[in-house]
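This briefing is written for a reader who has the sequence and the coordinates at hand.

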Amino acid sequence: MNTAVSDPTRDSIVQASRREGLIRIMMPLALLGSTYMLAAVVNPRFLTWDAARLQLTLAAFIGLVGIGQTLTILIGQIDLAIPWNITLSAIVSTNVYGQTGSISLCLISALLVGLGTGSLNAIGVAVFRIHSLIWTISVNLILEGITFVYTSAAAPAHTVPPLVRELGSGSINGIPWPIVIWAIAAMVVILWLGHTKFGREIYALGNNELATLMSGVRPGKIYLVVFLVSGAASAFVGLLLTGFAGQTYLGMGNAYLLIPIAAVVLGGTSLSGGVGGYLGTFVGSIIVVLLDSVLLSVQMSEGLRQVCFGLIILIMMLLFRNRPSS
Amino acid sequence: MNLRTVIPAQAIPSIRSSLPAALGLFTVLVFYWVQQPLILSDFGVTSLLNQSVALAIAAMAQTLVVISGAVDLSVGATIGLTTCFGATYMGGSPQMAVLLIVASLFLGAAAGALNGVLVSFGKLEPLIATLTTSFVYSGVSLIIRPTPGGSVPAWFSSNLSGSWGYVTASGILLVLCVLGIWIPLMRSRIGRDIEAVGNSEQNAYLSGLSPRRAKIFAYGGSGLLSSVAGLFLLAQTGSGDAAIGQVYTLNSFACVVLGGVSLRGGKGTFLGPVLSAFLLSIVVSALLAWGVSAFWQNLVQGLILILVLVSAGIPVLRSRSWIRFVRGQVS
């Protein structure tokens with residue numbers, strides 16, 4: 001791209017979009033600040049490094065899942081096959097390790113489950129043009145069915161490989177590995193989205209599919225890459241969760257259906273696609289974890305927490321919805 | 001185009017669109033009957049109806065919203081909410097129980113209408129709005145009833161799942177839903193408005209209709225029907241369970257697609273989806289009867305769903321050109 005030529009219109013558009021991006025990230029930051037203050041008032045222990053480390057580790061799992069969810073939402077789709085993708089990849093990979101004792105086969109099997117889910121999602125959405133919400137939720141049901149048949153609905157035998165255990169619960173210089181991995185992944189994704197051609201194509205596809213098509217971009221490839229990244233990220237989180245909890249169990253991914261979406265929405269990414277970014281999701285992941293911990297620490301029941309979460313997401317969606325033709 | 005929403009003769013193409021479901025149901029019934037002749041006895045018919053009617057009513061609920069051009073992912077959560085509400089508060093006295101049945105119906109209609117308000121006044125994407133409210137509704141169910149349980153009066157469950165020869169209570173309930181809710185709603189002006197909004201929201205607005213009112217009624221009707229399905233499930237199981245409805249969200253949608261209702265909205269009838277509900281329930285119960293393990297149930301249902309969705313998407317493959325397809329969606 002020839003950037004030497006200064007085009008006043010283009011410059012002002014870039015400036016305007018930067019300004020809007022800045023406004024969009026202010027809201028989640030303000031929300032994070034107020035949630036943190038609320039947490040400190042409820043229980044001063046939230047201010048300690050030990051508490052912050054745990055919160056950030058939990059946020060890392062949501063944030064890593066949120067990479068895939070941010071990308072799919074940016075192209076105007078959604079990935080609801082995440083919960084059982086996490087569970088199935090964790091169960092299959094630990095089982096493979098238990099049978100073969102090979103760490104590389106374990107990692108490859110998890111990756112295969114993730115990529116398989118991703119390509120199945122992409123086929124439904126890009127080839128058969130079925131709305132991703134319906135298609136991926138059906139894929140999720142199939143993954144659940146496969147998991148049940150594979151394990152006969154019994155608690156799976158688990159042999160957690162040492163490497164997975166180290167990645168999930170170990171730390172380097174006092175910083176847990178999930179946080180380190182998340183920070184690196186976040187930087188890569190932010191650079192990828194903001195500074196590459198492919199990143200721009202993702203935004204273009206989410207903004208206006210017809211216009212993107214007309215300008216010669218092949219959307220099938222974008223759908224495929226985005227769903228593959230989402231599938232692989234979920235499978236990786238499945239491994240991390242196994243290492244963190246030291247075991248696998250049926251339904252271990254169930255919490256990752258709506259909460260990462262909440263993180264994406266709280267981070268200011270519009271559910272109609274094309275607007276937002278991963279930095280917002282990064283902040284949003286910390287907000288949801290902190291909020292959940294606060295609700296837990298005042299002994300709120302599971303039902304009440306669900307209601308609170310749902311209402312918060314609804315309110316945020318109403319605040320962040322796309323204004324007509326702005 | 002506009003004539004179609006005015007002339008009642010629209011029923012004819014709707015019946016034609018339910019033909020595949022009817023043929024499928026007939027084939028499955030014949031196969032099942034050859035294997036197990038007892039299914040056509042009064043006992044067999046009662047048990048088949050009892051297995052299918054909840055899904056059939058849920059499919060009607062989903063169809064109503066699909067006709068308005070949207071999707072309701074909170075059908076299952078509303079069903080779960082109704083069962084929890086009923087199982088917890090339905091006391092011993094008949095007056096209290098009747099009051100609670102009426103209250104449950106209001107609760108369902110209100111939950112649906114809230115979806116409608118979020119979609120019309122809040123301008124939220126229907127899919128994501130109803131997904132989020134489904135989370136809220138099942139949260140409320142969990143608050144009412146953290147673990148599955150509760151009880152219902154004996155007369156309530158025996159009456160709703162009983163039968164008199166071939167005349168079953170569940171069949172009567174289904175007919176009541178059609179005659180008491182569907183036909184009055186869809187034959188009224190509101191019903192026409194719902195179809196018009198599904199056809200084209202902009203045209204409906206420009207013709208002086210209120211798309212907001214139509215959407216609120218479509219979602220409200222969906223919530224009402226969902227709560228009827230929930231009450232029926234409650235009578236069958238006798239307990240409240242926040243998670244019992246989950247499968248109904250997806251399956252009701254599968255019934256709509258299988259029943260030949262266009263996902264673009266604007267037209268459709270209850271017939272195809274109801275027949276598909278019978279078809280799906282009978283396939284699942286036949287598989288179980290043939291000794292397929294219950295672990296396979298999710299997988300089989302998921303595969304059926306995906307096949308149905310793919311067959312709905314096959315026309316897209318025929319059109320080949322993406323530009324033509326996307327343009328068709330935009331306009």
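A residue counts as buried if 20 or more other C-beta atoms lie within 10 Å of its own, as exposed if 12 or fewer do, and as partly exposed in between. With 5 C-beta neighbours inside 10 Å, Asn173(A) therefore counts as exposed. The model discussed here is predicted. Chain A has 326 residues, of which 50% are buried, and chain B has 331 residues, of which 51% are buried.

**Overall form of chain A**

- Chain A contains 13 helices and two strands.
- The radius of gyration of chain A is 20 Å, close to the 20 Å given by the globule rule for 326 residues, so chain A is as compact as a globular protein of that length.
- The C-alpha trace of chain A spans about 60 × 50 × 40 Å along its principal axes.
- Of the contacts in chain A with a separation of 6 or more, 79% are between residues 24 or more positions apart.

**Overall form of chain B**

- Chain B comprises 16 helices and two strands.
- For 331 residues, a compact globule would have a radius of gyration near 20 Å, and the 20 Å of chain B agrees with this.
- A box of roughly 55 × 45 × 35 Å, taken along the principal axes, is filled by the C-alpha atoms of chain B.
- Among contacts in chain B between residues at least 6 apart in sequence, residues at least 24 apart are joined in 81%.

- Helix H5 of chain A (residues 132–151) has 20 residues and reaches 28 Å from its first C-alpha to its last, close to the 28 Å expected at 1.5 Å a residue.
- H5(A) is mostly covered, with 17 of its 20 residues buried.
- Ser152(A) follows H5(A) and has a positive phi, near 55°.
- Helix H13 of chain A (residues 302–320) has 19 residues, and its reach of 27 Å from first to last C-alpha is close to the 27 Å expected at 1.5 Å a residue.
- The buried residues of H13(A) include Gly303(A), Val307(A), Phe309(A), Ile313(A), Leu314(A), Met317(A) and Phe320(A).
- These buried residues of H13(A) pack against helix H11 (259–266) of chain A, together with helix H6 (94–120) and helix H7 (126–144) of chain B.

**Contact between the two chains**

- In the contact between the chains, 38 residues of chain B meet 38 residues of chain A.
- On the side of chain B that touches chain A, at least two residues each are supplied by H7, helix H13 (246–258), helix H15 (296–319) and helix H16 (322–330) of chain B.
- H15(B) gives the most to this side of chain B, with 12 residues.
- By class, the side of chain B that touches chain A has 26 nonpolar, nine polar and three charged residues.

**A helix crossing in chain B**

- Two packed helices are described by the angle between their axes and the distance between the axes.
- The axes of helix H8 (residues 154–161) and helix H12 (residues 211–237) of chain B come within 8 Å and cross at roughly 110°.
- H8(B) and H12(B) are therefore roughly perpendicular to each other.
- H8(B) makes this contact through Phe156(B), Ser157(B), Leu160(B) and Ser161(B), and H12(B) through Phe232(B), Ala235(B) and Gln236(B).
- The residues of the contact of H8(B) with H12(B) divide into four nonpolar, three polar and no charged.

**Selected loop residues**

- Asn173(A) is found in the loop between strand S1 (171–172) and strand S2 (175–176) of chain A, and its phi is near 50°, a positive value in a residue other than glycine.
- Lys123(B) is found in the loop between H6 and H7 of chain B, and it has a positive phi of about 55° although it is not a glycine.
- Because 14 other C-beta atoms lie within 10 Å, Lys123(B) is partly exposed.
- Val217(A) is found in the loop between helix H9 (209–214) and helix H10 (219–245) of chain A.
- Val217(A) counts as partly exposed because it has 19 C-beta neighbours inside 10 Å.
- Leaving aside its neighbours within four places in sequence, Val217(A) is in contact with Glu201(A), Ala204(A) and Thr212(A).
- Val217(A) and Phe198(A) are 19 residues apart in sequence, and their C-alpha atoms are 9.9 Å apart in space.

Methods: Residues numbered from 1 in each chain as written. Chains lettered and ligands numbered in written order. Predicted model: local features only at pLDDT ≥ 70, side-chain atom pairs only at ≥ 80, totals over all residues. Helix = DSSP H or I, 4+ residues; strand = E, 2+ residues; numbered from the N terminus. Expected span 1.5 Å × (residues − 1). Contact = placed C-beta atoms within 7 Å. Axes fitted to C-alpha atoms, helices over the stretch in contact; angles between N-to-C directions. Parallel < 35°, antiparallel > 145°, perpendicular 65-115°, else oblique. Nonpolar A, V, L, I, M, F, W, Y, C, P; charged D, E, K, R; others polar. Rg over C-alpha atoms; globule rule 2.2 N^0.38 Å.
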